[in-house]
Structure formats: structure tokens, C-alpha cells
Amino acid sequence: MALEQAKKYLEEKGFGDRVKEFEVSSATVELAAAAVGVAPERIAKSLTFMTEDGPVMILCAGDAKIDNPKYKAFFHTKAKMLSPEEVKECIGHEIGGVCPFGIKEGVKVYLDESLKRFDIVYPACGSSNSAVELSLAELEGLSGCLEFIDVCKGWEEGK
């Protein structure tokens, strides 16, 4: 169902032809990179957290990890990832296919600075065997992101 929601959202925006569905799993960064045929850092992974203002989704490069001090400085709270059950309930997609397309209202979406290294990235598309090829500008527009933020670490070596 989430795949259909995400595809419908992208089709309505004129990007339905970019959705890729695979015979193999793309549920992790490594699996998605293998399925798409790109380096893992080009996978735009979606991390979900609960804040005092509700659920947030942060899309970051596949080689990035949340930097807790940076996260706390920006959100003024400790990073608390959503459980798989909370992800489905609060976001509308299941782990392995979480993306910012066709999600529940009220989810605040942010893009991490780690993505700015790439012209083209590959977020999931609502299922554990899908992805969509987007330019960074397209992802920014389609995700409804509030802003780019700097809350990750581990990717700086490639800067």
C-alpha cells in the first residue's frame, strides 16, 4: 500500500516514470546500492525521529550517521528514533521503504547537508524493493523539506 501511495504522489508530480522496482530487496543502504548499481553514499536514507513537535524525517547520504550533539543542538532534544511500529503509524511507510513521498500529514521533512555532494540521489519509494532516481533539487522540491540541516557525521572524508 505504501508503494502505491508513494508512486501516486510521484505520478501526480510528473515523476512516476522515475520509480524503479526490483526483484531483490533494497531495504538497507547496501542492498539498495547493489540493486540500483551505485555507491552506497548515493542512497538517500530516511531516518525518522520523535520530537516534542511530532515526527521528523531526515534524509541523508547512505554513508552518514546522526551526530547526537548536532541533532540535540538543532532539535533541542535527544535523538530518539522511531520504532518500526511507530514508523508505520506516524510516517505511513514501513522500515526498508521509508521515503518522504505519500507520507502522513504533519511529518516534518529535512534534508541533511551530506546529500549536497551529489547531483543525483536514490531514496526509497515506499517499499523494500523500490527506489526513485532524483536530482538533489528534485528531491528538495518533492520531499516538501523545510530546510537543509547539518546533523550528520561520518561522511566528511569525501568532502
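Predicted model: local features only at pLDDT ≥ 70, side-chain atom pairs only at ≥ 80, totals over all residues.

Biologist: In what sense do β3 and β5 pair, and over how many bridges?

Modeller: They run parallel, and 4 bridges hold that pairing.

Biologist: Thanks! And how do β2 and β3 run?

Modeller: Those two are antiparallel, with 8 bridges joining them. A hairpin of 2 residues takes the chain from β2 to β3. M50, for instance, has P55 as its bridge partner in β3.

Biologist: How many residues of β3 are buried?

Modeller: For strand β3 (residues 54-61), the count is 8 of the 8 residues, so the rest of the structure largely encloses this strand.

Biologist: Let's zoom out to the sheet. What order do the strands take?

Modeller: The order is β8-β6-β2-β3-β5-β9, an open sheet of 6 strands with mixed pairing.

Biologist: Which strands stand at the edges?

Modeller: Those are β8 (134-135) and β9 (148-149). Each has a single partner strand, so one of its sides has no neighbour in the sheet.

Biologist: How many bridges join β6 to β8?

Modeller: There are 2, between β8 and strand β6 (residues 120-123), and the two strands run antiparallel.

Biologist: What about F74 and Y110, how are their rings arranged?

Modeller: They are edge-to-face, with 5.6 Å from centre to centre and 80 degrees between the planes. F74 is in helix α3 and Y110 in strand β5 (residues 108-112), so the pair ties together parts 36 residues apart in sequence. Y110 is buried, with a relative accessible area of 8%, while F74 is partly exposed at 30%.

Biologist: Which residues form the aromatic cluster?

Modeller: F49, Y71, F74, F75 and Y110 make up one cluster.

Biologist: And which charged residue sits over the ring of F148?

Modeller: That is K116, whose charged end lies 4.6 Å from the ring centre.

Biologist: Last topic, the whole chain. How many helices and strands does the protein chain have?

Modeller: It has 5 helices and 10 strands. The radius of gyration is 14 Å, close to the 15 Å that the globule rule gives for 159 residues, so the chain is as compact as a globular protein of that length.

Biologist: What does the C-alpha trace span along its principal axes?

Modeller: About 40 × 35 × 25 Å.

Biologist: And what share of the residues is buried?

Modeller: Buried residues are 48% of the 159. Among contacts with a separation of 6 or more, 65% are between residues 24 or more positions apart. The accessible surface is about 7,900 Å², and 49% of that belongs to carbon and sulfur atoms.

Definitions and conventions. Residues numbered from 1 in each chain as written. Heavy atoms only, no water. Phe/Tyr/Trp six-rings, centres within 6.5 Å; stacked < 30°, edge-to-face > 60°. Buried < 20%, exposed > 50% of the residue type's maximum accessible area, 1.4 Å probe, protein only. Lys NZ or Arg CZ within 6 Å of the ring centre and 35° of its normal. Rg over C-alpha atoms; globule rule 2.2 N^0.38 Å. Contact = heavy atoms within 4.5 Å. Areas by Shrake-Rupley, 256 points an atom, 1.4 Å probe, with all protein chains shown as cover. Pairing = 2+ DSSP bridges.
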